[in-house]
Amino acid sequence: VDCQSMKVVQEVKIDGGDSFYGMALSEDGKTLCYTTATNKIVIFDVSGGNLTERKKITLSNARAGGAPNPCGIVYQDPSYVFVCLNRDNSVARVDLDSSAIEKWDTDVAPFGVAYDVRTQRLYVSCWSRRAEGSERQALTSGTSIPVDERGVGLGGRVTVIDLRRKQTIDSIPIGHHASEADIVDNHVFVPCSGSDTFEDLSIAD
């Protein structure tokens, strides 16, 4: 869409269905990545505002079987992206040139991811957590999560991953059904639609 004329200037057909969330433009404005509804990252070259498909990267099945449902995506640099694998309870670092993939476990059903360049940490917003003990629970993609009396999932989390140590260092409770995660200055902001809250988390050095 041309933002001055507000007219559609290009339409691109995507095989594999639209992702429910997942599009990122590189900082240099030269590439755009898009996640499909099933198991692919589509990479476009950007020139003069127009898109030309470069390649597709296919992601492996979720551990519970079936498509991993990639969603939230963010660039680390022009050659690498981090992408949430919603049904695999993980976040992947994907090399856009070689298609190599490295993964870390998260809380349940990751949705959005923010990358803090200064601390080299990922902040991954997740819809829920793993159920504990005798609390009311239900299965989602093979994982038990806490639910309310209606069967609606509870227990949103932000998983914090230290990339220097290549491990999860924290799991922060937030509201229900977390949405995208964004970093502004020293804060991570996460809206949670299931609890009508807007979470503000401070970033530690």
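Hi everyone, let's start with the cysteines: this structure holds zero disulfides, a disulfide being a pair of cysteine sulfur atoms within 2.5 Å. Cysteine 192 is buried at 2% relative accessibility, while cysteine 3 is exposed at 69%. Here buried means under 20% relative accessible area, exposed over 50%, and partly exposed in between, with a 1.4 Å probe and protein chains only.

A word on the model. It is predicted, so local features need pLDDT of at least 70 and side-chain atom pairs count only at pLDDT 80 or more, while totals for chains, interfaces and linings use all residues. Residues are numbered from 1 along each chain as its sequence is written, and side-chain values use heavy atoms, leaving out hydrogens and water.

Now the inside. The largest nonpolar core has 14 residues, and those with the most contacts inside it include Ile41, Ile73, Val81 and Val83. By nonpolar core I mean buried Ala, Val, Leu, Ile, Met, Phe, Trp, Tyr and Cys residues joined through side-chain atoms within 4.5 Å. Which strand gives the most to this core? That is β6, with three residues. Strands here are DSSP runs of E, at least two residues, numbered from the N terminus. Apart from this core lies another one of 13 residues, among them Cys71, Phe82, Val113 and Val124.

On to the aromatics: the whole structure has four aromatic pairs. Rings of Phe, Tyr and Trp (its six-membered ring) pair if their centres lie within 6.5 Å; planes under 30 degrees apart are stacked, over 60 edge-to-face, and the rest tilted. Tyrosine 21 and phenylalanine 111 are stacked, because their centres are 4.7 Å apart and their planes at 10°. Tyrosine 21 sits in β1 and phenylalanine 111 in β9, 90 residues apart. Tyrosine 21 is partly exposed at 28%, whereas phenylalanine 111 is buried at 10%.

Asparagine 89 is not a glycine, yet has a positive phi of about 55°; its place is the loop between β6 and β7. Aspartate 185 also has a positive phi, near 55°, in the loop between β15 and β16. Buried or exposed? Asparagine 89 is buried, at 8%, and aspartate 185 is exposed, at 66%.

Conventions
Helix = DSSP H or I, 4+ residues; strand = E, 2+ residues; numbered from the N terminus.
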